[in-house]
Amino acid sequence: MKLYFLRHGHAEDGFDKSDHDRELTPEGIERMQTAAQVMARLNLNLKHIYSSPRIRALQTAEITAKAMNLQVEIREEVNFGFHAGQVKQMIAGMGADDSVMFVGHEPTMSETIKMLTGANVNMKKGSLARVDVIGSSIVNGTLEFLISPKVFDTLGSA
């Protein structure tokens with residue numbers, strides 16, 4: 001099974017609104033659109049895109065889903081506090097060849113990847129990681145790649 005972890009794009013500061021309501025900046029939207037176009041060209045074959053309910057993550061997931069002709073599924077599990085146990089629950093019953101994406105926040109994206117693989121990663125805003133696991137057993141996952149926003153920018157302009 002292929003598990004994709006996408007950190008939300010660059011969001012506005014939270015000085016005058018609740019953290020839940022922070023939106024992507026215009027630059028964040030533009031960079032996520034570029035990243036989504038690259039992801040669509042990579043043909044990830046996603047079965048599900050699960051998003052945190054926080055606005056910046058949801059906007060990121062919607063941009064990605066639109067490029068892949070999918071619907072976003074809002075899941076509280078992908079909000080703050082996201083962890084490997086929730087991944088296991090969310091993928092239960094899926095096939096070994098399925099691919100799913102989780103769109104959320106730091107530090108829980110990096111922490112979850114570390115729980116699954118042992119790898120220390122730094123999920124910058126708008127970055128994408130892929131972890132491969134055997135079936136729905138999430139023990140001993142393998143970090144296959146981590147794509148930074150700058151790489152998406154470069155690939156999007158090629």
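What follows is a short briefing, grouped by topic.

Keep in mind that this is a predicted model.

- As background, nonpolar side chains tend to be buried together in soluble globular proteins.

- Phe5 sits in strand S1, and it counts as buried because its relative accessible area is 0%, where buried means under 20%.
- Leaving out residues up to four places away in sequence, Phe5 touches Phe82, Val87, Phe102, Met109, Thr112, Ile113, Leu116, Met123, Ser127, Leu128, Ala129 and Val131.
- Phe5 and Arg130 are 125 residues apart along the chain, yet their C-alpha atoms are separated by 6.4 Å.
- Val87 has its own set of partners: with residues up to four places away in sequence not counted, it touches Leu3, Phe5, Phe82, Phe102, Thr112 and Ile138.

**How H1 and H2 pack**

- Two packed helices are described by the angle between their axes and the distance between the axes.
- For helix H1 (residues 26–42) and helix H2 (residues 55–68), the angle is about 35 degrees and the axes are 8 Å apart.
- Their crossing is right-handed.
- On the H1 side, the residues that meet H2 are Ile29, Met32, Gln33, Ala36, Gln37, Met39 and Ala40, and their counterparts in H2 are Thr60, Ile63, Thr64, Ala67 and Met68.
- Sorted by type, the residues of this contact are 8 nonpolar, 4 polar and no charged.

**Two buried arginines**

- Arg130 belongs to strand S5 (residues 128–134). Is Arg130 buried or exposed? Its relative accessibility is 16%, so it counts as buried.
- The Arg130 side chain makes a polar contact with the Asp132 side chain, at 2.8 Å.
- Setting aside neighbours within four places in sequence, Arg130 is in contact with Lys2, Leu3, Tyr4, Thr142, Leu143, Glu144 and Phe145.
- Arg54 is in the loop between S2 and H2, and it counts as buried because its relative accessibility is 14%.
- Which side chain does the side chain of Arg54 make a polar contact with? The partner is Asn79, at 2.6 Å.
- Beyond its neighbours within four places in sequence, Arg54 is in contact with Asp19, His20, Asn79, Phe80 and His105.

- Most residues other than glycine have a negative phi, and most peptide bonds are trans.
- Asn45 has a positive phi, near 55 degrees, without being a glycine. You'll find Asn45 in the loop between H1 and strand S2 (48–51), and it counts as exposed because its relative accessibility is 56%.
- Asn69 isn't a glycine either, and its phi is positive at about 55 degrees. Look for Asn69 in the loop between H2 and strand S3 (72–74), where it is exposed, with a relative accessible area of 73%.
- The peptide bond from Glu106 to Pro107 is cis, with omega near 5 degrees, and Pro107 is in the loop between S4 and H4.

**Spots on helices**

- Lys88 is in helix H3.
- The C-alpha atoms of Lys88 and Ile138 are separated by 6.5 Å, though the two residues are 50 residues apart along the chain.
- Thr154 is part of helix H5 (residues 149–157), and it counts as exposed because its relative accessibility is 53%, where the cut-off for exposed is over 50%.
- Thr154 and Ala35 are 119 residues apart along the chain, and 9.7 Å separates their C-alpha atoms.

How values were computed: Residues numbered from 1 in each chain as written. Predicted model: local features only at pLDDT ≥ 70, side-chain atom pairs only at ≥ 80, totals over all residues. Heavy atoms only, no water. Helix = DSSP H or I, 4+ residues; strand = E, 2+ residues; numbered from the N terminus. Buried < 20%, exposed > 50% of the residue type's maximum accessible area, 1.4 Å probe, protein only. Polar contact = N/O pair within 3.5 Å; in protein donor to acceptor, adjacent residues only side chain to side chain. Contact = heavy atoms within 4.5 Å. Axes fitted to C-alpha atoms, helices over the stretch in contact; angles between N-to-C directions. Left-handed = near helix turned anticlockwise from the far one by under 90°. Nonpolar A, V, L, I, M, F, W, Y, C, P; charged D, E, K, R; others polar.
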